[in-house]
Amino acid sequence: MNKILNEENILLEVEARTKEELIDFFAEKLWSMGKLLDKNLFIKDIYRREEEGITGIENGLALPHGKSSGVKETTILVAKLKQKIEWESLDGLPVDLVVLFAVKLEDKNEVHLRLLSRIAGNLSEEENINMIKELKDKKEIIKILEKEW
């Protein structure tokens with residue numbers, strides 16, 4: 001897990017006015033980190049997944065994920081946004097915490113499901129979401145996301 005999620009992947013005070021701006025920001029960040037083979041293909045695959053179903057959960061949280069041959073190395077990015085943005089969500093409310101899963105095709109089944117299960121499980125607790133939103137210490141945020149339950 002620490003290979004996929006580390007302090008470099010926790011992004012605080014992210015400025016984005018729209019979902020599209022944030023997805024572009026994520027793709028640029030992953031590209032600069034050397035985690036993508038094809039940035040445009042990754043973006044296309046993220047939007048394809050977004051069309052399949054809502055990735056906005058509740059309590060201002062969204063969990064977009066893209067399985068893509070454009071991904072070189074499976075990675076998770078966590079963005080705490082400066083302001084809420086519109087995102088299709090189960091509760092109909094905007095989001096200010098977004099956890100992006102960038103998954104290479106070889107990891108699309110087992111690895112992806114384990115990561116999604118663990119992180120989504122930890123974020124199913126409203127208390128954990130609220131703590132992450134308040135924390136400024138990246139290590140503490142990672143502890144919450146990696147917790148075994």
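Predicted model: local features only at pLDDT ≥ 70, side-chain atom pairs only at ≥ 80, totals over all residues.

User: In what sense do E4 and E5 pair, and over how many bridges?

Analyst: E4 and strand E5 (residues 95-104) pair in the antiparallel sense, with seven bridges between them; within that pairing, Val78 has Val99 as its bridge partner in E5.

User: Why is E4 described as largely enclosed?

Analyst: Strand E4 covers residues 75-85, and because eight of its 11 residues are buried, it is largely enclosed by the rest of the structure.

User: Switching to charges, how many salt bridges does the count come to?

Analyst: The count comes to 11 salt bridges. One of them joins Lys19 and Glu50, with the closest N and O atoms 2.6 Å apart; since Lys19 lies in helix H1 (residues 19-32) and Glu50 in helix H2 (residues 39-52), the pair ties together parts that are 31 residues apart in sequence.

User: Are Lys19 and Glu50 buried or exposed?

Analyst: Both Lys19 and Glu50 are buried. They are also linked with Glu88 in a network of salt bridges.

User: Which ring does the charged end of Lys19 sit over?

Analyst: The charged end of Lys19 sits over the ring of Trp87, at 5.0 Å from the ring centre.

User: What about Asp96, which side chains does it meet in salt bridges?

Analyst: Asp96 meets the side chain of Lys84 in a salt bridge at 3.6 Å, N to O, and because Asp96 lies in strand E5 and Lys84 in strand E4, this pair ties together parts that are 12 residues apart in sequence. Asp96 also forms a salt bridge with Lys133, at 2.9 Å from N to O, and here the link is between distant parts of the chain, with Lys133 in helix H4 (residues 126-134), 37 residues from Asp96.

User: Last topic, how many aromatic pairs does a search of the whole structure find?

Analyst: The search finds one aromatic pair. It is formed by Phe25 and Phe26 and is tilted, with 6.3 Å centre to centre and 50° between the planes. Phe25 is partly exposed, at a relative accessible area of 33%, while Phe26 is buried at 1%.

Definitions and conventions
Residues numbered from 1 in each chain as written. Heavy atoms only, no water. Phe/Tyr/Trp six-rings, centres within 6.5 Å; stacked < 30°, edge-to-face > 60°. Buried < 20%, exposed > 50% of the residue type's maximum accessible area, 1.4 Å probe, protein only. Lys NZ or Arg CZ within 6 Å of the ring centre and 35° of its normal. Helix = DSSP H or I, 4+ residues; strand = E, 2+ residues; numbered from the N terminus. Pairing = 2+ DSSP bridges. Salt bridge = Lys/Arg side-chain N within 4 Å of Asp/Glu carboxyl O.
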